[in-house]
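Please look over the sequence and the model below. The report then takes up strands, aromatic rings and charged side chains in turn.

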Amino acid sequence: MLKQLSMYVENKKGTMKNITGILKEEGINILGSVNNNGGAEYGIVRMVVSEPERAYEALKGAGYLCRLVDVMGIEVADEVGNLHHLLGALSDSNINLDYIYLSFNRDSGKPILIMHAADEDIYEVESCMKAKGFTAV
C-alpha cells in the first residue's frame, strides 16, 4: 500500500514551482503526480513521494491544505494492452476506480499504475489484484 499526498491548491502562477521547491528543500523525491483542475480558482494535486509524512508536514507548515490517502500501486509490463487487461480484472471483480495515474518502479523500470477506489476497501482491492496475478507495490 502506498500513501498519496493530496493537496487542494489555488490555480495561480508559481503554485507547482512552490510545492516542488518545498519538497526539494526537504530532500523528498516525487515518484508520481497528477494535477486535476477543480475549477477556475482551485485544483487538486496528487503525489506519491519518497517520504509522504514528512512531505505532508512540510507542505501543511507552508499553508497548503493537504491529507494523506491510501492508494494502491500495481506494477505492469510495458506492453500493449496491459492497462486494458488490468481494467478488465477490476471490472470482473466489480471494482470501480476514482482515478489512476502513472509512475514507475525505479528498481525494475516497469510502469506502476497508482489507483484509488473510494467506494472500495483498498486492502480488499489489493488482495483481489494479487489473487489475479498482479504485483502490488
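What follows is a short report on selected contacts. The model is a predicted one.

Strand S1 covers residues 2–10. S1 pairs with strand S4, residues 65–75, in the antiparallel sense over seven bridges. S1 also pairs with S3, again antiparallel and over seven bridges. Strand S3 spans residues 42–49.

Tyrosine 8 shows both pairings. Its bridge partner in S4 is leucine 65. In S3, the bridge partner of tyrosine 8 is isoleucine 44.

Four bridges join S4 to strand S6, residues 111–116, and the two run antiparallel. Glutamate 75 stands opposite threonine 135 in S7.

## Aromatic rings

The model has two aromatic pairs. One is formed by tyrosine 8 and tyrosine 42, which are stacked at 5.1 Å centre to centre with 10° between the planes. This pair links distant parts of the chain: tyrosine 8 is in S1, tyrosine 42 is in S3, and they are 34 residues apart. Tyrosine 8 counts as partly exposed because its relative accessible area is 44%, between the cut-offs of 20% and 50%. Tyrosine 42 has 33%, so it is partly exposed as well. Tyr8, Tyr42 and Leu65 together make a nonpolar surface patch of about 320 Å².

Tyrosine 99 and tyrosine 101 form another stacked pair, with 6.4 Å between centres and 20° between planes. Are these two tyrosines buried or exposed? Both tyrosine 99 and tyrosine 101 are buried.

## Charges over rings

Arginine 46 places its charged end over the ring of tyrosine 99, 3.9 Å from the ring centre. Arginine 106 does likewise with phenylalanine 104: its charged end sits over that ring, 4.3 Å from the centre.

## Salt bridge between strands

Side chains of opposite charge can pair when their charged atoms come close. How many salt bridges does the structure hold? There are five.

One of the salt bridges joins aspartate 70 and lysine 3, with the closest N and O atoms 2.7 Å apart. Aspartate 70 lies in S4 and lysine 3 in S1, so the contact ties together parts that are 67 residues apart in sequence. Lysine 3 also stands opposite aspartate 70 in the strand pairing. Aspartate 70 is partly exposed, at 24% relative accessibility. Lysine 3 is partly exposed too, at 32%.

## Salt bridges at the helices

Arginine 54 and glutamate 26 meet in a salt bridge of 3.3 Å, N to O. Arginine 54 belongs to helix H2, residues 52–61, and glutamate 26 to helix H1, residues 15–26, so the pair ties together parts that are 28 residues apart in sequence. Arginine 54 is partly exposed, with a relative accessible area of 34%. Glutamate 26 is partly exposed, at 32%. Salt bridges with shared partners join Glu26, Glu51 and Arg54 into one network.

Lysine 24 forms a salt bridge with glutamate 25, with the closest N and O atoms 4.0 Å apart. Lysine 24 is exposed, with a relative accessible area of 64%. Glutamate 25 is exposed, also at 64%.

Technical notes
Residues are numbered from 1 along each chain as its sequence is written. This is a predicted model: local features need pLDDT of at least 70, side-chain atom pairs count only at pLDDT 80 or more; totals for chains, interfaces and linings use all residues. Side-chain values use heavy atoms; hydrogens and water are left out. Patches are made of residues with over 30% relative accessible area and no salt bridge: like charges are joined within 9 Å, nonpolar side chains (Val, Leu, Ile, Met, Phe, Trp, Tyr) within 5 Å. Accessible areas come from the Shrake-Rupley method with a 1.4 Å probe; for residues, only the protein chains shown count as cover. A salt bridge is a side-chain nitrogen of Lys or Arg within 4 Å of a carboxyl oxygen of Asp or Glu. Rings of Phe, Tyr and Trp (its six-membered ring) pair if their centres lie within 6.5 Å; planes under 30 degrees apart count as stacked, over 60 as edge-to-face and the rest as tilted. Buried means under 20% relative accessible area, exposed over 50%, partly exposed in between (1.4 Å probe, protein chains only). A charge sits over a ring if NZ of Lys or CZ of Arg is within 6 Å of the ring centre and within 35 degrees of the ring normal. Two strands pair if DSSP finds at least two bridges between them.
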